[in-house]
Structures are given as structure tokens and as C-alpha cells.
Amino acid sequence: MLEAKVIGFPVRAGAATAASCVQVQHSLFPARDEGRGKVAFVDVGALDEERLFRLLALNAVTALVDLRPCPVFERPRFRHKSVVFHLRDRDIRYIEFAMLVRRPLADPTLVSMGVSNAYAKIEPALTMGLSICIYDTAARDLGWLDQMRRLLRHSSTYQAELHPRALAGVTG
């Protein structure tokens with residue numbers, strides 16, 4: 001490794017004091033607008049309330065798209081009201097995909113209108129910053145995960161899909 005790229009730690013004679021050791025934790029996107037057009041898909045089964053809040057804070061998330069057919073943060077891992085207030089207090093846009101695409105299945109034109117409606121709601125969220133899409137096995141089985149990825153590919157503001165391990169605060 002090049003010497004110029006190594007960060008040196010101040011070393012004094014004797015033991016290091018707390019004042020001389022400063023720990024800085026960097027987020028993936030220090031500014032909200034740096035995540036514009038970027039999306040990450042995270043399995044809600046790998047999260048609990050604390051991990052979700054940490055994920056949102058450390059990555060400057062601006063939108064949370066909930067792909068689950070039943071978009072409720074259930075106990076014991078979550079307190080739904082707490083999560084909703086957390087999102088509102090931090091100005092994180094919450095989009096329930098199920099409420100946008102559900103239409104009577106007897107008429108295929110209504111289903112396509114639901115997809116168009118979903119696209120119209122999700123597109124502005126991509127321009128604000130990093131978006132996180134949470135999903136579960138039911139969303140995957142319904143094909144909503146693939147449908148969301150197709151919607152994103154056709155978006156003019158979409159830039160990249162990030163792997164969940166690229167996000168700060170995600171473990172497992």
C-alpha cells in the first residue's frame with residue numbers, strides 16, 4: 001500500500017488518551033442528494049426496528065418503498081406506529097407499493113393503470129436521494145420484486161441498484 005494513502009494515528013510517549021483518539025463513522029452517502037437515482041433492495045426478515053432505523057440514518061435514505069403485500073411492521077421485531085413516526089419525523093418518504101398496484105384482477109387494463117400509478121409515485125422519490133425497497137417472501141412470490149426492478153430500469157432518474165451489503169448498518 002502506498003504511504004500517501006495510509007492514515008497515520010498520533011502516537012505520544014505513554015498511553016494514548018481519549019482526547020487524542022477520535023472515531024469517525026462515515027456513511028455511504030453523507031449528503032442526501034448524493035444517493036439520487038440509487039436503490040437498494042433489503043429483505044425485511046433481516047431487519048428489526050433498531051437495524052432499520054440505523055440503516056435509514058447511516059445511509060441518508062430519502063425514500064422507503066414497501067413492496068410487501070401487507071405493509072405492516074409487525075411485532076415483536078417492530079412497532080408499526082414507531083416506524084411510521086420515525087419516517088415522518090425524518091422526512092423520509094414512505095410508499096406502499098401494494099396500495100398503488102392493487103386493482104381488480106378481472107380487468108387487466110386496471111392492473112396496468114396501477115403499475116403506471118406506482119411508477120408516477122416512485123419516480124419523484126428517486127430524484128430526492130437513496131431509496132430503499134423492503135420486501136418479504138410474499139412480495140417475491142407475487143413477482144412484485146421483479147416488477148419493481150422493471151419499473152426502475154425504465155426510469156430516467158434510475159442510476160444503480162446497490163447490494164444490501166454496500167449499505168452502512170446492514171449485517172447478516
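In what order do the elements of the chain run from the N terminus on? In this predicted model, the order is β-α-β-α-β-α-α-β-α-α-β, and the secondary structure comes to six helices and five strands. The chain has 172 residues, of which 38% are buried, and its accessible surface comes to about 10500 Å², with 56% of that area belonging to carbon and sulfur atoms. When contacts between residues at least 6 apart in sequence are considered, 83% of them join residues at least 24 apart.

**Nonpolar cores**

- The largest nonpolar core holds 22 residues, and the members that touch the most other members are Phe41, Leu67, Phe97 and Met148.
- Two or more residues of this core come from each of the strands β1 (38-43), β2 (61-66) and β4 (130-135), and likewise from each of the helices α3 (97-101), α4 (108-128) and α6 (144-153); the element that gives the most is α6, with five residues.
- Methionine 148 touches Phe41, Val65, Leu67, Phe97, Ile122 and Cys133, when residues up to four places away in sequence are not counted.
- Another core lies apart from this one and has 20 residues, including Leu47, Leu52, Leu56 and Leu167.

**Cysteines**

- A search of the whole structure for disulfides finds zero.
- Cysteine 133, one of the residues that methionine 148 touches, has a relative accessible area of 1% and is therefore buried, the cut-off being under 20%.
- Cysteine 70, by contrast, has a relative accessible area of 47%, which places this residue in the partly exposed class, between the 20% and 50% limits.

**The surroundings of arginine 68**

- Leaving aside residues up to four places away in sequence, arginine 68 touches Val44, Phe73, Tyr94, Ala98, Ile134, Tyr135, Asp136, Ala139 and Trp144.

**Aromatic pairs**

- The count of aromatic pairs comes to three.
- For phenylalanine 97 and tryptophan 144, the ring centres are 5.7 Å apart and the planes stand at 70°, which is over 60 degrees, so the pair is edge-to-face.
- This second pair links distant parts of the chain, with phenylalanine 97 in helix α3 and tryptophan 144 in helix α6, 47 residues apart.
- Both of its members count as buried, phenylalanine 97 at 0% relative accessibility and tryptophan 144 with a relative accessible area of 10%.
- One aromatic cluster is formed by Phe73, Phe78 and Tyr94.

**Backbone geometry**

- The peptide bond from arginine 75 to proline 76 is cis, with omega near 10°, and proline 76 is found in the loop between β2 and α2.
- Alanine 60, in the loop between α1 (49-58) and β2, has phi near 50°, a positive value in a residue other than glycine; at 13% relative accessibility, alanine 60 counts as buried.
- Aspartate 91, in the loop between α2 and β3, likewise has a positive phi, near 55°, in a residue other than glycine; with a relative accessible area of 59%, aspartate 91 is exposed.

Conventions. Residues are numbered from 1 along each chain as its sequence is written. This is a predicted model: local features need pLDDT of at least 70, side-chain atom pairs count only at pLDDT 80 or more; totals for chains, interfaces and linings use all residues. Side-chain values use heavy atoms; hydrogens and water are left out. A nonpolar core is a set of buried Ala, Val, Leu, Ile, Met, Phe, Trp, Tyr and Cys residues joined through side-chain atoms within 4.5 Å. Buried means under 20% relative accessible area, exposed over 50%, partly exposed in between (1.4 Å probe, protein chains only). Helices (H or I, at least four residues) and strands (E, at least two) are DSSP runs, numbered from the N terminus. Contact means heavy atoms within 4.5 Å. A disulfide is a pair of cysteine sulfur atoms within 2.5 Å. Accessible areas come from the Shrake-Rupley method with a 1.4 Å probe; for residues, only the protein chains shown count as cover. Rings of Phe, Tyr and Trp (its six-membered ring) pair if their centres lie within 6.5 Å; planes under 30 degrees apart count as stacked, over 60 as edge-to-face and the rest as tilted.
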